[in-house]
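Trainee: Can we go through this model together? I would like to learn how its parts pack.

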Amino acid sequence: MTAPPMFAPVQGEAPEGAIARDLAKRAALVAPGAVLLFGLIWGVAGALSTAYALAIVVVNFLLAAAMLTYTARISIGLLMGTALFGYLLRLGLIFAAFWVVREAWWMSVVPFGITLIVAHLGLLFWEMRYVSATLAFPGLRPDPVHKES
């Protein structure tokens with residue numbers, strides 16, 4: 001007897017990890033420019049707040065991928081619950097990461113907030129260009145093969 005579909009594990013590859021690692025690489029590409037820019041505008045506190053926000057964004061994406069990958073191996077229902085409630089949990093972790101350093105000398109709320117929002121949205125929109133939404137290639141699109149004539 002087989003398990004009902006809701007309690008069956010997800011079959012196939014787990015593309016979440018590859019996508020999250022690719023997002024982290026893209027964050028590493030923009031981090032020096034963002035830290036420098038906000039450092040020039042808000043000084044050392046702006047640079048450190050920006051770096052901290054970028055680290056939070058990367059950890060958020062990697063944690064989301066790890067949670068989804070892990071629960072997909074257990075059941076589809078748990079995967080769906082993790083997608084919903086994991087989001088709320090990660091929002092709480094982002095708030096807690098801010099709350100514990102809100103009074104630190106290096107925390108500048110404006111560059112932190114701008115970086116947190118723009119990095120989340122910007123990296124997701126940037127990554128959309130590289131994600132394949134087909135069943136043939138779930139996750140990142142394969143590199144096109146260049147044929148020589």
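Trainee: At what angle do helix 1 and helix 3 pack, and how far apart are their axes?
Mentor: Keep in mind that this is a predicted model. Two packed helices are described by the angle between their axes and the distance between the axes. For helix 1 and helix 3, the angle is about 150° and the axes are 11 Å apart.

Trainee: Is helix 1 roughly parallel or roughly antiparallel to helix 3?
Mentor: Take the angle of about 150°. Angles over 145 degrees count as roughly antiparallel. Therefore helix 1 and helix 3 are roughly antiparallel.

Trainee: Is the crossing of helix 1 and helix 3 left-handed or right-handed, and how many nonpolar residues does their contact have?
Mentor: Helix 1 passes helix 3 in a right-handed crossing. By class, their contact has 3 charged and 6 polar residues. The nonpolar residues number 22.

Trainee: Which residues of helix 3 are buried?
Mentor: Helix 3 covers residues 109–128, 20 residues in all. From first C-alpha to last, helix 3 reaches 29 Å, close to the 28 Å expected at 1.5 Å a residue. Its buried residues are P111, F112, T115, L116, A119, H120, L123 and E127.

Trainee: Is L124 buried, partly exposed or exposed, and which residues does L124 contact?
Mentor: L124 is in helix 3. Its relative accessibility is 38%, so L124 counts as partly exposed. Setting aside neighbours within four places in sequence, the contacts of L124 are L23 and F61.

Trainee: Now helix 2. How is helix 1 oriented relative to helix 2?
Mentor: Helix 1 spans residues 16–72 and helix 2 spans residues 76–99. They pack at about 160°, with axes 10 Å apart. Because that angle is over 145 degrees, the cut-off applies. Helix 1 is thus roughly antiparallel to helix 2.

Trainee: What is the handedness of that crossing, and how do the contact residues of helix 1 with helix 2 divide by class?
Mentor: Helix 1 passes helix 2 in a right-handed crossing. The residues of their contact divide into 15 nonpolar, 4 polar and 1 charged.

Trainee: Which residues of helix 1 meet helix 2?
Mentor: Start on the helix 2 side. The residues there include L78, L79, T82, A83, G86 and L89. Among the others on helix 2 are R90, L93, I94, A97 and F98. On helix 1 the partners are Y52, I56, N60, L63, A64, M67, L68, T71 and A72.

Trainee: Is N60 buried or exposed, and which residues does N60 contact?
Mentor: N60 sits in helix 1. Its relative accessible area is 9%, so N60 is buried. Leaving aside neighbours within four places in sequence, N60 is in contact with R90, I94 and H120.

Trainee: What separates the C-alpha atoms of A83 and L68?
Mentor: A83 is found in helix 2. A83 counts as partly exposed, because its relative accessibility is 41%. Along the chain, A83 and L68 are 15 residues apart. Their C-alpha atoms are separated by 6.8 Å.

Trainee: Stepping back, in what order do the elements run from the N terminus?
Mentor: The protein has 3 helices and 2 strands. From the N terminus on, the order is α-α-α-β-β.

Trainee: What share of the contacts joins residues 24 or more positions apart?
Mentor: First, burial: 34% of the 149 residues in the protein are buried. Now take the contacts with a separation of 6 or more. Residues 24 or more positions apart account for 71% of those contacts.

Note on methods. Residues numbered from 1 in each chain as written. Predicted model: local features only at pLDDT ≥ 70, side-chain atom pairs only at ≥ 80, totals over all residues. Heavy atoms only, no water. Helix = DSSP H or I, 4+ residues; strand = E, 2+ residues; numbered from the N terminus. Expected span 1.5 Å × (residues − 1). Buried < 20%, exposed > 50% of the residue type's maximum accessible area, 1.4 Å probe, protein only. Axes fitted to C-alpha atoms, helices over the stretch in contact; angles between N-to-C directions. Parallel < 35°, antiparallel > 145°, perpendicular 65-115°, else oblique. Left-handed = near helix turned anticlockwise from the far one by under 90°. Contact = heavy atoms within 4.5 Å. Nonpolar A, V, L, I, M, F, W, Y, C, P; charged D, E, K, R; others polar.
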